[in-house]
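Please open the structure in your viewer and keep the selection panel at hand.

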Amino acid sequence: MSVRVGILGATGAVGQRFIQLLDGHPTFELAALTASEDSAGEPYRTAAKWRVDAPIPVDVAEMTVRETTPDAVPDDVDLLFSSLPSSVAVDVEEDFARDGYVISSNSSNDRLADDVPLTIPEINPDHLDLIEVQRDERGWDGAIVKNPNCSTITMIPPLAALDEFGLERVDVSTLQAVSGAGYSGVTSMEIIDNVLPHIGGEEDKMETESRKLLGEFDGAELSWHDVDVAASCNRVPTLDGHLENAFVDLSADPEPSEVADAMREFPGVDLPSAPNQLIHVFDDPERPQPRMDRMRGQGMQICVGGIQSTGRGVKFNCLAHNTVRGAAGASVLNGELLVENGYL
């Protein structure tokens, strides 16, 4: 089965990562690229300042960039991946959904909307059925599905594995790579020999998205998890890979070895872009490290280390590649879940 797909916002950093991940994909055939009206009509090779550490796929380089409007995208495109700025996506994605397109979006707008699935396939695939609620309430044939923020998606799989021990509270401090801010997001004068102890909006995203992702869907309504989450987000001078220090209060008192086993044994999904094992647990307390471990499972695996008891629960470090697992790869995986569940 071949599914024709397009990328909204294809010239940006995440859009370029989409192109890399879709090259040679067993299911998805890239058929349309969109960008701003300034780039429309140009071949992709001149419209995009390519920054990915692999050449532009030859067939993509010569594709003509289209405007980001429903009229400009062919009707036979079945699925759109969105990496648009949220200020643009908030209106544009709804235009496409109203026109019948299904959108798997990395953009932050509407992640917390009651009728929009915020989905990690290994964690809450049943939330995808919020699409039916969305279509009924909004009266459209298309759909919008979101993946979470890149820092949220790093800690949620380990937290989901801990839920059997009774999640009560999470305090997390992040060490986030500069690529998370986009190519022009942080200047060298800001970040070299420095750490930025605030990333606008990031803490709120982690604190709210986590509770929605871990919530329960009864087929009509989603109930958020009641865990308390407090986040402190910091930008550090690494290129890729968000490292996070999590402190988790639990109602039970598991041994660190029990926690490690629960994480190692947490089930994955049988989708083309999913890693064979969702969570890799290190015994070495000096791992994970961004440079060493961000590309495990082709950048789609979550790495955990330093598991210790705290008296109230456990603490650990976790790591994920922020533009692969945390952005484009997460949207591609959601796209595969849409195919698997018959929404295309």
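**Before starting**

This is a predicted model, in which local features need pLDDT of at least 70 and side-chain atom pairs count only at pLDDT 80 or more, while totals for chains, interfaces and linings use all residues. Residues are numbered from 1 along each chain as its sequence is written, and side-chain values use heavy atoms, with hydrogens and water left out.

**Stop 1: the second largest pocket**

Select Leu21, Ser273, Gly297, Gln298 and Met300. Of the 17 residues that line the second largest pocket, these five lie nearest its centre. A pocket is found on a 1 Å grid over the protein atoms alone, as an open set of points where a 1.4 Å probe fits, with protein on both sides within 12 Å along at least five of seven lines; lining residues have an atom within 4 Å of a point. The volume of this pocket is about 340 Å³, a volume being the space filled by probe spheres set on the points, which are joined across faces, edges and corners.

Two elements, α1 (13-22) and α11 (324-340), each give two or more residues to the lining of this pocket. Helices here are DSSP runs (H or I, at least four residues), strands likewise (E, at least two), numbered from the N terminus. The largest share of the lining, 4 residues, comes from α11.

By class, the lining has 9 nonpolar, 6 polar and 2 charged residues. Ala, Val, Leu, Ile, Met, Phe, Trp, Tyr, Cys and Pro count as nonpolar, Asp, Glu, Lys and Arg as charged, and the others, Gly among them, as polar.

**Stop 2**

Two packed helices are described by the angle between their axes and the distance between the axes. Axes are lines fitted to C-alpha atoms, for helices over the stretch in contact, and angles run from 0 to 180 degrees between N-to-C directions.

Display α1 with α11. At what angle do the axes of α1 and α11 cross? They cross at roughly 55 degrees and come within 9 Å. α1 is therefore oblique to α11 (angles under 35 degrees count as roughly parallel, over 145 as roughly antiparallel, 65 to 115 as roughly perpendicular and the rest as oblique). The contact (heavy atoms within 4.5 Å) includes Val14, Arg17 and Phe18 of α1 and Val324, Ala327 and Ala328 of α11. Its residues divide into 8 nonpolar, 2 polar and 1 charged.

**Stop 3: α6 and its two partners**

Select residues 150-162, helix α6, and residues 202-213, helix α8; they pack at about 40 degrees with their axes 9 Å apart. This angle makes α6 oblique to α8. Among the residues that meet are Cys150 and Met155 in α6 and Lys205 and Met206 in α8.

Pro158, Ala161 and Leu162 of α6 touch Val259, Ala262 and Met263 of α9. By class, this contact has 6 nonpolar, no polar and no charged residues.

**Stop 4: two places in the backbone**

Select Arg287 and Pro288: the peptide bond between them is cis, with omega near 5 degrees. Pro288 lies in the loop between β12 (279-281) and α10 (290-293).

Finally, select Asp110, which has a positive phi of about 65 degrees although it is not a glycine. Asp110 belongs to the loop between β5 (102-105) and α5 (130-138).
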